[in-house]
Amino acid sequence: MGHAKKNPTWQSMQAGRAPQQKSLRGGTGSGAFKKFLMIFFIVAFLFFTSWELFFYINDTYIHATGSQTANPAGASSTPHVFESENNFVFRGPTPAPIHFKRPNFEAGIIFPQWSPDGYGTTDWQQQLPAVQTQSGARWIELTVFLSQATPNSMQVRTNPSTPTIQSFVAGIRAAHNLGFRVFVAPLMGVDSPAGQWSGTIQFSNTLDEAQWFDSYWKTYQPFVAAAAQNGADQVAIGTELVWLEQNAPADLWNTLITRVHGVFPGQVTYDMNWSSLAKQPLSWMSNKLLAAIGVSEYLPLVNNRVRVDPKNMPGLWQTIVRDPIDTFSVKVRKSLIITEIGYRNSADTLYHPWLPYTTVSPPDPVEQAAACDAALINVIPDQHIGGIFFWGWDGVQGFKLSGQPALGVLKKWYMSPQS
């Protein structure tokens, strides 16, 4: 009706200033004229209300979806905020939700810290939003570095690279506040001699092995308890303990699993080394309290320092990595999680991929990105693989993903509905 009031014919009739219509009043054409006016008013009303409805729907759609193709010059793109009864509610453009084919898939990245207050620092926590937006990761792995003096030492201890409990808790909370799910993994180091690592920890008798397991649990237990109290989602009982894995009695391993599970109600796993894929699963790996088996995946795809054409990488990865993982998964009757995988920024990244640097080949971020892509092409659709964690965001020497094209590869796959 608002438009009808502006119609010249309507205004002149109301003012009695339409001589040609005065003769119709009270005459034989009066009924027809009234019908004409009635039809005119109805059409005008419908025309006006339909445009009002169109503008309302269009505006609502734009506000709800953020799908306006372009802002007119001078128009503001600031999201609308409407006041509800108790507080302000955000009503701005938001990304459409992604309906993942595998919602429980652990699309992860590792961001380790090597100082007592590392996870509690502003620097680490301020990088978490970038980790999330640039990699698309939904899971983040927090490492806890422990060590012992020699491969035969029975005393496991913290060291200057171990986070404090306060720092560790701050890291879990900061990650959760951004919506990350948190995976806690212990890393073991051996101080001397040079070249020793967790896989070489070994003992000559069962008594020493039992003493080591007790010391290990005593040192690791406070972190498991803190992880439980602060809602971490997954905990590993150990990482890459190759000799102990193969030689320590199963009851020592089952006791460790029971201890961890008794404190931590979430998902429990063990992170074996990639070399174990070629062996038969140990009996304790079938323990029902272990939800999955993890693997640190650094299988070499080539035997020489060569650059591999990216188009050939997915096939190599399937044959050399995916097939053994699938076979092991079937044997152990559990899914496997790639709890650690990394490719250094070098042209020979597929040769001895566990090495953080190469002294021969030049940097090659394209090759690094292609290697990550080959892994994800194989992993994402594989139902035997429950997740993957890339080493790592930063603080990981040549494996660093921050600022590299490989991050775009992770985001492409992690944000895909197929993941």
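The following legends describe close-up views of a predicted model.

**View A. Packing of helix α9 against helix α10.** Helix α9 (residues 313-332) packs on helix α10 (residues 365-379) at an angle of about 60°, and their axes lie 9 Å apart. The two helices are therefore oblique to each other. The crossing in which α9 passes α10 is right-handed.

**View B. Residues at the contact of α9 with α10.** Helix α9 passes α10 in a right-handed crossing. From α9, the contact is made by Met-313, Pro-314, Trp-317, Gln-318 and Arg-322. From α10, Glu-367, Ala-370, Ala-371, Ala-374, Ala-375, Ile-377, Asn-378 and Val-379 take part.

**View C. Helix α10 and its surroundings.** Helix α10 has 15 residues and spans 21 Å from its first C-alpha to its last, close to the 21 Å expected at 1.5 Å a residue. The helix is mostly covered, with twelve of its 15 residues buried. Among the buried residues are Gln-368, Cys-372, Asp-373 and Leu-376, together with Glu-367 and Asn-378. The buried residues of α10 pack against helices α9 and α11 (406-414) and against strands β9 (336-341) and β10 (385-391).

**View D. Ser-276 in the loop between β7 and β8.** Ser-276 is located in the loop that lies between β7 (267-273) and β8 (292-297). Ser-276 counts as buried because its relative accessibility is 1%, with buried meaning under 20%. Leaving aside residues up to four places away in sequence, Ser-276 touches Glu-245, Gln-246 and Phe-328.

How values were computed:
Residues numbered from 1 in each chain as written. Predicted model: local features only at pLDDT ≥ 70, side-chain atom pairs only at ≥ 80, totals over all residues. Heavy atoms only, no water. Axes fitted to C-alpha atoms, helices over the stretch in contact; angles between N-to-C directions. Helix = DSSP H or I, 4+ residues; strand = E, 2+ residues; numbered from the N terminus. Parallel < 35°, antiparallel > 145°, perpendicular 65-115°, else oblique. Left-handed = near helix turned anticlockwise from the far one by under 90°. Contact = heavy atoms within 4.5 Å. Buried < 20%, exposed > 50% of the residue type's maximum accessible area, 1.4 Å probe, protein only. Expected span 1.5 Å × (residues − 1).
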